[in-house]
Amino acid sequence: MEMLNLYQNNYLIVFVFLCLGILLPVVALFFGKLLRPYKPYESKYTTYESGIVPFHDSRVQFNVRYYIFALMFVIFDVETVFLYPWAVAYEKLGIFALIEMLIFVFMLVIGLIYAWKKKVLKWT
Amino acid sequence: MVEDLLHSSAGWLNFGIFFLLAVVLLLVVLGFVTYAILAERKVMGYMQMRHGPNQVGGRWGLLQTVADVLKLLLKEDVIPKLADRPLFIIAPVIAFAPAFMVLATIPFTDKFQFADIGVGLLYYIAVSGITTVGIVTGAWASNNKYALLGGMRAAAQMISYEIPLIMSVVGVVLLSGSLNLNDIVEAQKNGWFIVWQPIGFIVFFIAAVAELNRVPFDLPEAESELIAGFHIEYSGFRWAFFMLAEYVYFFAMAALITVLFLGGWLPLPFLGFIPGAVWFALKFTAVVFILLWFRSTFPRVRADQLMEFGWKVLLPIALANIFLTALIMELVKLF
């Protein structure tokens, strides 16, 4: 029971921080609304494009490279999901776990080398 | 007193008390941001052989940032007609809220800490990733080409450097055997991790600068090529919240580096009579100063160099560091 309370309280603090993090912008922007001027006219609300009239939609097709980086990120991020518990428990697991993890990481490194050779990591 | 509070059952009263305490921390952080911006301008000024702000608030310009914030509060709020209005409005909130949330787990001294959760380090890394979503949301909602370019660059950069950032702390986790930030500091009694994990520290520091979008990795908002990057269409206080998020992360990251590698509140040998809070403040200030120093000395890297450096240099080094640490731990156990 004691531990449960401690646990709940600690996560309650996290929740308090979340509330406060949302509240501050909301309150500040609300007070800003009372203070700031409001003088609208047409040209103020155009999109900025170095002074010329904007043309085309700006949500254009993007270079696929961004997507490939995102894929690489997911692969290595999942790897860290496995690395963290391993690192915490390593003291008790010993040399066998080290070899296992080496094999696991080695397989992912092969993927990195493949991407490297395929010039995925090159940004031109 | 706080100890009893933590052990009492969680309810609305606890919520209220924690809320008030968190408001105090928020005010401290806002105070820090105010003077960090002033310090940045002053330090940069002196490094560039000029004075920096010296008009508002005495010869040290002590009220300069306060005046700037008030000015921002009085600025008109412009939302472009083509922008996606709801997303445009909530993007600064998404960017700011996690910046403040990460502060919940950082132990400032052995007594002064908010949430002491078992996975503190993981929590920091996980929550700080959400800011990228806020930045991309803001960039996409602006419906501006520069903003979208800046936002995509920011996303690519932040996810690329998050990997070495996470990998480089695995060495610290291996040595301390815990993800709890308190335990990590306690494990540094026999020497700070900057001594046992020099490679990890360097990789972490570089990746941290990149995560903070600071010079030399400030490509997402490169003034001279993208004008201002993802927040180009933002004005007034909405813009201020993106900036505030950036500086709150600055605070959080400097505190995290202090905790992970510089021994947090632990004193140097024979200087234990100086209280822990002072030690924390000293180390924290040193990290902040180094980050400011970076800004005035390094040129911006190119976009292609940025990506290749992250994936081809930092990631392999961070991976090698993990296994080097594990291997050395095994060897130490043998002898």
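Predicted model: local features only at pLDDT ≥ 70, side-chain atom pairs only at ≥ 80, totals over all residues.

Residues are numbered from 1 along each chain as its sequence is written, while chains are lettered from A and ligands numbered from 1 in the order in which they are written.

**Stop 1**

Select residues 145-176 of chain B. This is helix 7, with 32 residues. Helices here are DSSP runs (H or I, at least four residues; strands are E, at least two), numbered from the N terminus. From first C-alpha to last, helix 7 of chain B reaches 46 Å, close to the 46 Å expected at 1.5 Å a residue. The expected span is 1.5 Å times one less than the number of residues.

Is helix 7 of chain B mostly covered or mostly uncovered? Mostly covered: 32 of its 32 residues are buried. A residue is buried if 20 or more other C-beta atoms, placed from the backbone, lie within 10 Å of its own, exposed if 12 or fewer, and partly exposed in between.

**Stop 1**

Axes are lines fitted to C-alpha atoms, for helices over the stretch in contact, and angles run from 0 to 180 degrees between N-to-C directions. The cut-offs: under 35 degrees is roughly parallel, over 145 roughly antiparallel, 65 to 115 roughly perpendicular, and the rest oblique.

Now show the residues where they meet. From helix 6 of chain B, pick out Ile135(B), Ala139(B) and Trp140(B), among others; from helix 7 of chain B, include Gly151(B), Ala155(B) and Met158(B). Two residues are in contact if their C-beta atoms, placed from the backbone, lie within 7 Å. By class, the contact of helix 6 with helix 7 of chain B has ten nonpolar, five polar and no charged residues. Ala, Val, Leu, Ile, Met, Phe, Trp, Tyr, Cys and Pro count as nonpolar, Asp, Glu, Lys and Arg as charged, and the others, Gly among them, as polar.

**Stop 2: the loop between them**

Select Asn143(B), in the loop between helix 6 and helix 7 of chain B. Its phi is near 55°, a positive value in a residue other than glycine. Most residues other than glycine have a negative phi. Asn143(B) counts as buried, with 20 C-beta neighbours inside 10 Å.

**Stop 3: where chain A comes in**

Show both chains. The contact takes 66 residues from chain B and 58 residues from chain A. Which helix of chain B gives the most to the side that touches chain A? Helix 7 of chain B does, with twelve residues. The residues on that side of chain B divide into 45 nonpolar, ten polar and eleven charged.

**Stop 4: Gly236(B)**

Go to Gly236(B), in helix 12 of chain B. Gly236(B) is partly exposed, with 18 other C-beta atoms within 10 Å. Leaving aside neighbours within four places in sequence, its contacts include Gly32(A) and Arg36(A), as well as Leu72(B) and Lys75(B).

**Stop 5: helix 3 against helix 12**

Select residues 64-73 of chain B for helix 3. Helix 3 and helix 12 of chain B pack at about 135°, with their axes 7 Å apart. That makes helix 3 of chain B oblique to helix 12 of chain B. Val69(B), Leu72(B) and Leu73(B) of helix 3 meet Gly236(B), Phe237(B) and Ala240(B) of helix 12.

**Last stop: Ile184(B)**

Select Ile184(B), in helix 8 (residues 181-186) of chain B. Ile184(B) is buried, with 25 other C-beta atoms within 10 Å.
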